[in-house]
Amino acid sequence: MIINILIIAAVFGYSGWMIYRHVQKGKQGACAGCDKGKTCAAASLDSPFSCGGGAANNKL
């Protein structure tokens, strides 16, 4: 009985932590929240898919 409660608590705790991390990374923006931001070709400033202000960000 107690082991079931511990397992359920661990699952909900981990799920809550992952949701929190996802929200925090989302607030940072696409490239800042990405693990590959330093090596990604799309993150370069001359790329049309740039997170830093290329043609893709000028569309409204």
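Let me begin with helices, which are DSSP runs of H or I with at least four residues, numbered from the N terminus, just as strands are runs of E with at least two. What we have here is a predicted model, in which local features need pLDDT of at least 70 and side-chain atom pairs count only at pLDDT 80 or more, while totals for chains, interfaces and linings use all residues. Residues are numbered from 1 along each chain as its sequence is written, and side-chain values use heavy atoms, with hydrogens and water left out.

The protein has 1 helix and 0 strands, and M1 sits in the segment before helix 1 (2-28). M1 is exposed, with a relative accessible area of 77%, where exposed means over 50% and buried under 20%, with partly exposed in between, using a 1.4 Å probe and protein chains only. Of the 60 residues in the protein, 7% are buried.

Turning to confidence, pLDDT, the predictor's confidence in each residue from 0 to 100, averages 73 over the protein, and 47% of the residues score at least 70.
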